[in-house]
Every structure is written in C-alpha cells, then in structure tokens.
Amino acid sequence: MQINSTVHTTCAYCGVGCGIKATVEDTDKRIVSIQGDTEHPANYGRLCSKGSSLGETISLEGRLLEPHIAGQNVSWPTAIDKVANEFKRIIAEHGKESVAFYVSGQILTEDYYVANKLMKGYIGTANIDTNSRLCMSSAVAGHKRAFGADTVPANYDDFDHANLIVLVGSNTAWCHPIIFQRIKAIKAQRPELRIVVVDPRETATNEIADLHLPIKAGMDVLLFNALLVQLAERNALDPQYIAQYTVDFEKAFAAANQDVGDKSTLAERIGVDSQSLATFFDWFCQTPKTMTCFSMGVNQSSAGTDKVNAIINCHLATGRVGKEGASPFSLTGQPNAMGGREVGGLANMLAAHMDIENPVHRERVQRFWQSPVIADKSGLKAVDLFDAMYEGKIKAVWIMATNPVVSLPNADKVRAALEKCELVVVSDCITDTDTTRLADVLLPSLGWGEKDGTVTNSERRISRQRGFLPAPAQAKPDWWALSQVAQAMGFDGFDYQSPADVFNEHIALSAFENDANIESGLRDFNLVGLGQLNTQQYNALQPIQWPVLNKDQGTARLFAQGQFYTPNRLARFMPLTSRAPKNPLSAEYPFILNTGRIRDQWHTMTRTGLTPRLLQHIGEPYAELHPNDAKKLAIQAGDLVEINSAWGKAVVRAQLSDGQRQGSVFVPMHWTGVLTRQSRVGAVVNPAVDPVSGQPENKHTPIKVSKF
Ligand code: SF4
C-alpha cells in the first residue's frame, strides 16, 4: 500500500536525541525513507550512520509478535493473567521485596512512568532499576551532590560559544557522532577553538584534538584535583561566584591540595608528560568559555561519582556553570536514560525527581497517586538486584527492552541468577536474545516506528517519538501491558487509554506542590508550563527543554545565577581524594580490560545487526592491544585471543594499535552469545561498583590475554 506520509520523530539510539523525518513509502512492505529533521535543535538535519540506516531495521525479521508462555503462543489475556497471578502468588509467599523490574533507557517515558508507579506505589517496593545504572548513574549522583538535583546546566548551543572543549572519557566521534560533527564543524570555522581529549586510549575523537592527555586508568580525580589547585594558585577562581552561590570550597581545596601532594611527580602519577599537563592547566585557567563534557569513561568506574564531582568542582570554582559556552556537561548514553529518571527510573528515586529516602516526598507522591502504599526505602541497584536473584531473595523479575545476560558485568552469574528465578517475564521486540532464552513469559513490544511517546536527550530536551507504522500482529506498547497487569492484580489507577493520558499525569505530578514556599517543595523537574494536553496537542508537542515553567517555554541553561536545588539553594563543592580502581592488576591478571561502543553498532546489536552496511564498519568482535604487548604475548593481528578474568572468559580477534595504552586492552561490548557463542565480553567484566551510584566499573577489569 502506497502512503507517502512524513512523520517527525526521534532516533532510536544514542542520547544526542536527533530528530528524524520518516516518510512511509509502503506500509505493507514497511518501506520507509529516513532523513534528518532540519528543524530539530539536537541535530538540525544531520544524522550519523546508525540513525540514517534506521529504515533498514524495521522489517519483521526476528520480531517477537505473539505472547508466549513456556515457548507456546498464547493470547494476551492468558499472558496477562499468568504474569499477574504469579506476581501475586510470589508476593503472598515471599513478600513484596521478592519481586523486581529491570527496565531500560530504550523504553519511552510513558512506559517508565507506569512501571515505576506500579512497583513503587502499588506493589510497594523500589526494586525497579534500569540499564541506565550502567550508563550514567554516576553523573546523576554527582549532579545531585553538587547541584541538589539530577540536572544538566548546559545545552548543545553552548558548543557554538565555547573557546575550549574538554572531552573526558568520551569517544564522542563514535558514541555521540552528531555532537562530534557539530564540534568539528565549529572548529573548521573557528580554528582558535581548542579541544582537549582526556582518555587513556587514542580514539577517533583525537582527529579534532589539539591536545590529548592519555591518563592512566582511574586518574581523573587526581587530574581535576590538580586543576583545582592550579586555578587557585593562578588567581583563576571566580571568588564572587564561590562566595555567593556555593559552600565548602575550602574543604574541597584542602582535600585537592593534599591529594596532589608532591607536584614534581604529578604528571608521572597521572600518566602524561609534564608539558602536556602544563598546557592543559594553562588553557583551562585562561579560558572562561570552557565546556567539560564527560561520558562513560568517567561514569563507569568505582570512583565515577567522585570523578564527576572533581570536574564540577573546577567549574563551580570558576563560575563556569550554566553560562553561554561554559558548563560541565554529561553526555548521556541512551535515547531516554534521562526521561526514565524524570519519572523515577532508578531504584533510589521517585517520580518527578523526588527522593525515595525523603518522607515528605514519599507522602506527596503517594497522595498524588492515591496509591495503597509507597516504597519506603531505596531498592536494589542493578548489580545488587541480580545478585539478589542469584541468592534466591528475588524470585520474580520483569525485564523490559534490555539484554542483561550480555550487558551486565559478570554476565554468566546474571544468566545463572535468571535460571534460579521462579518467574522471568521479558517484554521485547526480538524473539531470540540471550535473555529471552531464559524467559517463562515473553510479551511482544512495539518497536521504533510503531510506538508513541516521549524521550529526553542529553540537554534536557523532551521530544516526541512518533509511530508511523501499524502495530504488527499482537505487539503492544509496554505502558499498556503494565497497565493490564496492574489491573489484573486488582489495582486502580491504571485506566490509561493512550500515552497522552500517562504524559498528562506525569506533567501534573511534576508540578504538584513544586513550589519554593512549600517545605521540601521546589524541585528542578517541572513541566507546569505545558498545562494538560489533549491528543492533538500531545501529538503536536514540539521539542522543549525542561523545566517548563511558563507556557510552552523551556529553559536553555541553569545556575548562572546560582539558585541550585539544595535546601539552602547553594551548590556544594565535594572534598575528594583519588583512589585506584577497585580490583588491582596482579601477576595472574596483568592487563586492564576496557569495554565500550564502536561507531556503527548499538548495545547488543538486535537492531543495528540487521543492517549489512553497519556490519561493514567492523564485522566481528575484537580486542585492541598495543603492538608492544602483542609482541610480548606472541600475538599477531588477526589471531584469535582468549581473554580471561576472575569472572569469565571470551574469545575475540586481535587488532593492534599504537593508540592503545600499553597494558590496556579494549573490547567492544556489543557481541552476544546468540551471535558468537564465546564473545560475550560482559562475562569477563568485573562486578565492582561505585559505592555512591552503584555504577559498574566497565572500564577496568584485570585480565590475562593469550593466543587461542
Ligand atoms: Fe541517532 Fe545518536 Fe546518531 Fe543522532 S548521533 S543519529 S541520536 S545514533
């Protein structure tokens, strides 16, 4: 059937959140042409290789199209009853803490909202966590410590105004390609824009770098503590901003000074040459319009939250927060990691950025929902959640749109944990994944191009993700499946007819008692200016940055004039001491494993793996080693190598690169047990986590490498 209608939507992949125009050429054959949306402020028409090939990923190949119980097709009512009855039985027998949800930055805000409401307000436990825990929970914790809220002060336009951009632990060229292309274009126009890349590894991002600091793994806190000391010694602080809008500068400075210690050995301890270090300090001290962008290399660490705060300390000290071209800036991994958090998508949060540990917030949310209960303490974070399944404490789990048997650390233990559960429910688009193979109940979800809702990108911009294809067979929205199960469990409050109904409740909760005059009232996340939207208005919703305090007006930047979300409205400096990664190298495991993304694949490749042209970039799993390490190990490029840690092993092909730091090995995270049986690198990754954020240390696992 010929249709030729064009729909404005957003990309399914990374946190840049690019706008897309999808034109349906043939609905029956699911032929769709994809273009960048020139009007969307995240990308102004640009798309990367992944986004521009989305049209090639919407066939029904491999799709989960019917509910299944124990491998048999069943009707939706049968599947709903099974899930509801089993959850009720397990709760009755073992208590509410024996059940859990594990969701994803891939689902829409409306799905997240209903999942959180059901678990925290009706079942009454906060055992709902998300794969965003693996992605940016350290950024969340760092923002909350410093700003009192999970808030990003800047936006993408700030790149246009910056004179220095520092990219820390971020292969922006591959992981946030449209941001990289934007910065590259700015640099072509303004060659005086300086770019510093802080990364142990030389990556594609180095193409635009004026300076590369290949720091030793885990040295970020020491680097930024040393920068704080330099700023003070060179009179590069902003004393007025510090005095007017912050607390605890003296404590942070004293801790930094002590941490830095003997300056004659500083560069060596950080792992860079002293001239490069001095240049970085010079540039940062001299450049008011500085953006420091950070991503997984900072967050995925047992000191991730401290690393985030070490960066923020330097920006608070110079007053470079929320000003044009000057801010710390977290680059989010997933398309809706931020939208999920806005509705309480982490086990330690409540909806609308309220805190589960705050009794006033708990009472407020329960009163708004008129729910029978409210979770009264934080739930288990991702790694602990699966450990609790392994230990038999959690007996039922509902997993949505994520593949933890591949992506979580210590992934063989995750598989064993799911095998021990009495009930594993998986909602997904894809029939055969490492995780769906362990499901008792499979529920078919709508995929990209079919589902309707909202997402929030790295710059706090909420955009509509719109469906343009009909739902195939029995696939349904996740918010609908959750609402059906909630009602089958006997709960009121889930009579949603559309995603707009859910979004309107979300708007209302964000504004509910959100006022500086109410005790524990004023919160960062507020959509009051949107009002309540009818279906037409919801469908027409334009990209907008929260908070939305006045009618249809977003907020581009925050905190240039203070007004933080701490109780006294002042930002907090954090006193920090650098510390080594949790698991040290040893004679048995002398190399550092660092995992991450490659340019043309996404997560566990269930969508990008469908596109031959994306596989042309890199077609098989590999380990990148420094040539000197390879020589010592008698490994040549192209050899199969076995990578072993104390937790598991994987077999991949060796690649050699001078850009790899000696003693370190990079392996992409994407390949699954379904695709290549022995190449699931998550099985090798250590389960160490940051003590504040619970984010795993994917960037530092002690390993040994040998020829296979
Ligand atoms: Fe999609 Fe990210 Fe590429 Fe934009 S940069 S097109 S959001 S994958």
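Biologist: How many bridges join strand β8 to β12?
Modeller: Bear in mind this is a predicted model, where local features need pLDDT of at least 70, side-chain atom pairs count only at pLDDT 80 or more, and totals for chains, interfaces and linings use all residues. Residues are numbered from 1 along each chain as its sequence is written. Strands here are DSSP runs of E, at least two residues long, and helices are runs of H or I, at least four, both numbered from the N terminus. Val 168 stands opposite Phe 294 in β12, and β8 (residues 164-168) runs parallel to β12, with the number of bridges being five.

Biologist: And which residue in β13 is the bridge partner of Thr 292?
Modeller: Strand β12 (residues 290-294) and β13 pair in the parallel sense over four bridges; DSSP has to find at least two for a pair. Met 291 stands opposite Ser 327 in β13, while Thr 292 has as its partner Pro 328.

Biologist: How many residues of β12 are buried?
Modeller: Buried means 20 or more other C-beta atoms (placed from the backbone) within 10 Å of the residue's own. Thr 290, Thr 292 and Phe 294 are buried on one side of β12, and Met 291 and Cys 293 on the other. That leaves β12 mostly covered, and the count out of five is five.

Biologist: Which strands stand at the edges of the seven-strand sheet?
Modeller: The open sheet runs β5-β4-β16-β15-β14-β6-β7, with mixed pairing. Each edge strand has a single partner, so one side is left without a neighbour in the sheet; those strands are β5 (72-73) and β7 (128-130).

Biologist: Which residue in β16 is the bridge partner of His 68?
Modeller: Strand β4 (residues 68-69) pairs with β16 (residues 441-444) in the antiparallel sense, over two bridges. In β16, the partner of His 68 is Leu 442.

Biologist: Now the ligand. How many charged residues are in the shell around it?
Modeller: The shell has 14 residues, the closest being Cys 11, Cys 14, Cys 18, Cys 48 and Gly 51; a residue is near if its C-beta atom, placed from the backbone, lies within 6 Å. Asp, Glu, Lys and Arg count as charged, Ala, Val, Leu, Ile, Met, Phe, Trp, Tyr, Cys and Pro as nonpolar, and the others, Gly among them, as polar. By class there are nine nonpolar and four polar residues, and the charged count is one.

Biologist: Which domains does the ligand lie between?
Modeller: Helices α1 (49-52) and α7 (177-189) each supply at least two shell residues. Domain bounds come from an automatic or database assignment. Two domains give residues to the shell, so the ligand lies between domain 1 (2-57) and domain 3 (137-331).

Note on methods
Buried ≥ 20, exposed ≤ 12 C-beta atoms within 10 Å, placed from the backbone.
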